[in-house]
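Please take a moment to look over the sequence and the structure shown below, and then follow the paragraphs that come after them from the whole chains down to single residues.

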Amino acid sequence: MKQVSIVSCLFLAVFTAGCTGVQSALDPRGPAAADLLRIILFFVFVCTSVFLLVMGALVWSLLRKPSREESKGAQERQISVVVTAAIVSTAAIIVLLTVVSFTSDRFPEYKEASSAAILARGEQWWWRFDYDGDDRSPGFQTANELHIPVGQDVRLRLQATDVIHSFWVPSLAGKQDLVPGRDNTITLHAERPGIYRGQCAEFCGLQHAHMALEVVAQEPEAYRQWVESQRRSAVVSQVAAVIAGRDVFMRKPCIAGRDVFMRKPCAACHTIRGTEAKGTSGPDLTHVASRRLLAAGVLQNSAGSLAAWIADPQTIKPGNNMPLVPMTSEELRQVTAFLETLR
Amino acid sequence: MNSSSTAQVLDVEVEREDLEPRLRRTWQSGKGIWGALTTVDHKIIARRYIVTAFVFLALGGVLALVMRVQLAFPEARFLSADRYNQIFTTHGSNMMFLFAVPVMEAMGVYLVPLMVGTRNIAFPRLNAFSYWIFLAGGLVLWIAVALDAAPDVGWFAYVPLSGPEYGAGKRADIWAQMITFTELSALAVAVEIVVTVFKQRAPGMSLDRIPVFVWSMLVTSFLVIIAMPAIMFASSSLILDRLVGTHFYNPAEGGDVLLWQHLFWFFGHPEVYIIFLPAVGMVSAMISPFSQRPVFGYLALVIALIATGLLSFGLWVHHMFVAGLPPSGSSFFTASSMAIAIPAGTQIFCFLATLWSGRPIFKTPMLFVIGFLITFVMGGMTGVMVASVPLDTQVHDTYFVVAHFHYVLVGGAVFPLVGAIYYWFPKMTGRMMSEKLGRIVFGMIFAGFHLTFFPMHILGLAGMPRRVYTYPPELPWSGMNLFVSVSAFVLAAGFGLFFIDAIRSLRSGKVAGPNPWNCASLEWATASPPPPYNFARIPVVQSRDPLWQASSELPVATGLRVDRRELVVSSVVAAEPEARESSPADSIWPLVAALATTVMLIGSMFSAWAVVWGAVPIAIALTCWFWPKRTPEDES
């Protein structure tokens, strides 16, 4: 592991001149991505060496002054030997690379992960993550933000709802397609807490470019707390807080905003657990304010960007499935205030 | 065997100075527009093919520049998502189906009959038909672009995105029928070339004396014949899904989404070699005169061509490594994909050996050969990388792959092609292109290409996926993208200069003469440009390099008639003359048949009944085309 990080740092320093990305195959943050980088570097090394050898031969051939004395027949025989040797070495290198590729493809240590407790679904153009519940507590759903505990293998089931998508978080693992009618799986393993960006890698239509996700890797304890909070309904907590007399200033617009949300078409597509909003075609908004991003990575989540998104989703992400819902500016302010409380 | 009742005139009976005018009268195409529409001369048709394909290259290049402007800055608003998706789909489809494959086949249509020493291609009317169909297919796509209704599903048109549920409008239908047009024309040309190579070679040109370029066109033609039916089935079943509600690709009704990918790539991977193998042939042809020796390893090169052709059908799954197929199957395709490096390496080593033992002359075509060697070897190296399953899970569908296939296709095929235009331009037009401009063209294309595409390797590894119309400013991609976009204009300027040089040289280039480069193959044995009958007397071949023989004059065969179009049919292996066969006269019916087919195919985008009613005019046109003329049959 250590070696890989050192090599990858060197590689990064040389080739990307200080670029640090949370979404890069050259910047691995988990064992799978680190292994892949090791293979990439090995292949780059072998192929660059071969390339330089061939180019050396090319330069020599072009600059060489053939001597007149060389007998034609002897020369041809000599070349034949060299060419044959080159072909045989090509074959040997190919066998070597195939074997390396084959053995490292098997990844025994993280192919045998536990059963998948998270279902990732690709939809035009966002990600839906379903966390299974257990005997005592119900499951829950998030959008475009996948939380995982560090130091563990986390297995995802991958399904496509409409067209083919591809799940790719390069700093953690290679990509895997989501194919309608098939179930694929992928295993993620983050070594350190952090935020790893990924995006859809299979062309999936108009807004393919805006189909990003973030994997938030947390210490197991923090992850457990996050799961707990996600299982609760934010609205129920909010109402409790209002009744207890905290949040008095929030009260009016917030309650009015909830009313707007239920009256307008919003509730037909979105679920907010603890309310009568039970639509499922759009993302679950139960904890929308706790998310870092909106609209599959188009916007950083803030009160302002949330309002902008609700006001005109078609300008921000043209062609997406959220319609422009006519609202007065007062209604917009209220509904934003309401959603902002859903932490 | 027997002589016909009409009075025939054999070439031996004609005076030497009388022969060429009489042959010209017999073989000349008609004058004016009618002559242009009815001609079946392979040289005229190939020239049209080449010019049309280069027009499509220029148009596709403009699309590439437009994309690069959009990608120069993060979240740019120069193009809308919809427009960008149309443009990248059209760029890919156009370059593959309307430029690369047709231009390679067109070079074959022009050169193969000349190189094997015959007077016209086999099935010349089919040849005319194939050009008209190709032109119609190209127009269909580009009119759709102009109407803002171009396909937007990628050149691979994966279902279900291109299927009835998610591919709204007629865009995917236009894509699928454009495929039908081009596969029709490609299949037609492939059949012509196979027959020409097998049955119309000059006496004495046994299989081991065929120029490597002709071998490459032969192998390519077989690839076309084997690969095209897969895409023909794929695009037809897609149309059926969209038009009449079949469920080939609908998993909800027992169809399979991945079936499309298997069919598409079973065609799509050989497609790459359909483009690349002719380029290997061109390099073999050019490297010989500019190294002043025959190409080294004739047998090895021919075996490598055939091996590449065979292997190319066994590696399509490497386009599907992340689709969730069983890993053991994928490993097999890793092995087969990497194995193709062996015949490819063989070709490169033979070329290097030719250079090593020759005395290189650095004319423009040779510069492009050297550019090919450098660029293609790099593309081959990244090809070995993407063949590895684990490695591919990171780079698949990223800019790394965009870089890789541009290295192989532009470096491996377009560099040789541009070199080949410089090389055969004097043969085709009678005039030389400018050597001075040629060097600048090479410099700009070579430098512009590498500056444009090399950074894409790094962009891909740094996480940038393909086919995105924009990218967020937070990610560290903007600097390199801007660099790439600026470089793309250098590359485009190189091509611009190339077009200027070609057009200028047409009128004012230096007059070439029959063999300006001192080459050895038969196309240089006749005038530049060749007369309509190609050769006044059919040459007799006694070695692999007929024009480099010690004797000053090429031996010729006689006994063909001059009062009607006639050519020599020879045996497959030894090319012993077997018969005199008549070659079809000019005809308007290929054009009429192509128009009728076009109407039917366009109609079929809208209604399945168009296939039924549209078949009637096609049947009429074909009947007239093949109407028996009571011309005497072939004579031995």
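**A walk through the model**

Chain B has an average pLDDT of 93, and 97% of the residues score at least 70, where pLDDT is the predictor's confidence in each residue, from 0 to 100. This is a predicted model, in which local features need pLDDT of at least 70 and side-chain atom pairs count only at pLDDT 80 or more, while totals for chains, interfaces and linings use all residues. Residues are numbered from 1 along each chain as its sequence is written, and chains are lettered from A and ligands numbered from 1 in the order in which they are written. For the complex, the predictor gives an ipTM of 0.92 and a pTM of 0.94. Residues 1–5 of chain B are a stretch where pLDDT stays under 50, and the model has three contacts for them beyond four places in sequence; two residues are in contact if their C-beta atoms, placed from the backbone, lie within 7 Å.

Chain B contains 18 helices and four strands, these being DSSP runs numbered from the N terminus, with helices (H or I) of at least four residues and strands (E) of at least two. The radius of gyration of chain B is 25 Å, close to the 26 Å that the globule rule gives for 636 residues, so chain B is as compact as a globular protein of that length; this radius is taken over C-alpha atoms, and the rule is 2.2 Å times the number of residues to the power 0.38. The C-alpha trace of chain B spans about 80 × 60 × 50 Å along its principal axes. Of the 636 residues in chain B, 58% are buried, and a residue is called buried if 20 or more other C-beta atoms lie within 10 Å of its own, exposed if 12 or fewer, and partly exposed in between, with C-beta atoms placed from the backbone. Among contacts in chain B between residues at least 6 apart in sequence, 81% join residues at least 24 apart.

Chain A has 11 helices and 12 strands, and buried residues make up 40% of its 343 residues. Here, 64% of the contacts between residues at least 6 apart in sequence join residues at least 24 apart. Chain A is divided into domain 1 (2–109), domain 2 (118–227) and domain 3 (234–340), with bounds that come from an automatic or database domain assignment.

How do the two chains meet? In the model, 63 residues of chain A are in contact with 65 residues of chain B. On the side of chain A that touches chain B, the elements giving two or more residues are α2 (31–63), α3 (72–105) and β7 (176–178) of chain A, and α3 of chain A gives the most, with 14 residues. The residues on this side of chain A divide into 36 nonpolar, 20 polar and seven charged, where Ala, Val, Leu, Ile, Met, Phe, Trp, Tyr, Cys and Pro count as nonpolar, Asp, Glu, Lys and Arg as charged, and the others, Gly among them, as polar.

A:Ser24, in the loop between α1 (2–15) and α2 of chain A, counts as buried because it has 28 C-beta neighbours inside 10 Å. Not counting residues up to four places away in sequence, A:Ser24 touches A:Pro170, A:Ser171, B:Ala462 and B:Gly463.

The largest nonpolar core has 297 residues, of which A:Leu188, B:Ala53, B:Ala100, B:Val214 and B:Met286 touch the most other members. Its largest share, 22 residues, comes from helix α8 (residues 257–291) of chain B. Such a core is a set of buried Ala, Val, Leu, Ile, Met, Phe, Trp, Tyr and Cys residues joined through C-beta atoms within 7 Å.

B:Glu523 lies in the loop between α16 (478–508) and β1 (538–539) of chain B and counts as buried, with 27 C-beta neighbours inside 10 Å. The C-alpha atoms of B:Glu523 and B:Val112 are separated by 8.7 Å, although these residues are 411 residues apart along the chain.

Finally, consider the backbone. Most residues other than glycine have a negative phi, and most peptide bonds are trans. B:Asp148, however, has a positive phi of about 60° although it is not a glycine, and B:Asp148 is exposed, with 9 other C-beta atoms within 10 Å. A cis peptide bond, with omega about 0°, joins B:Val159 and B:Pro160.
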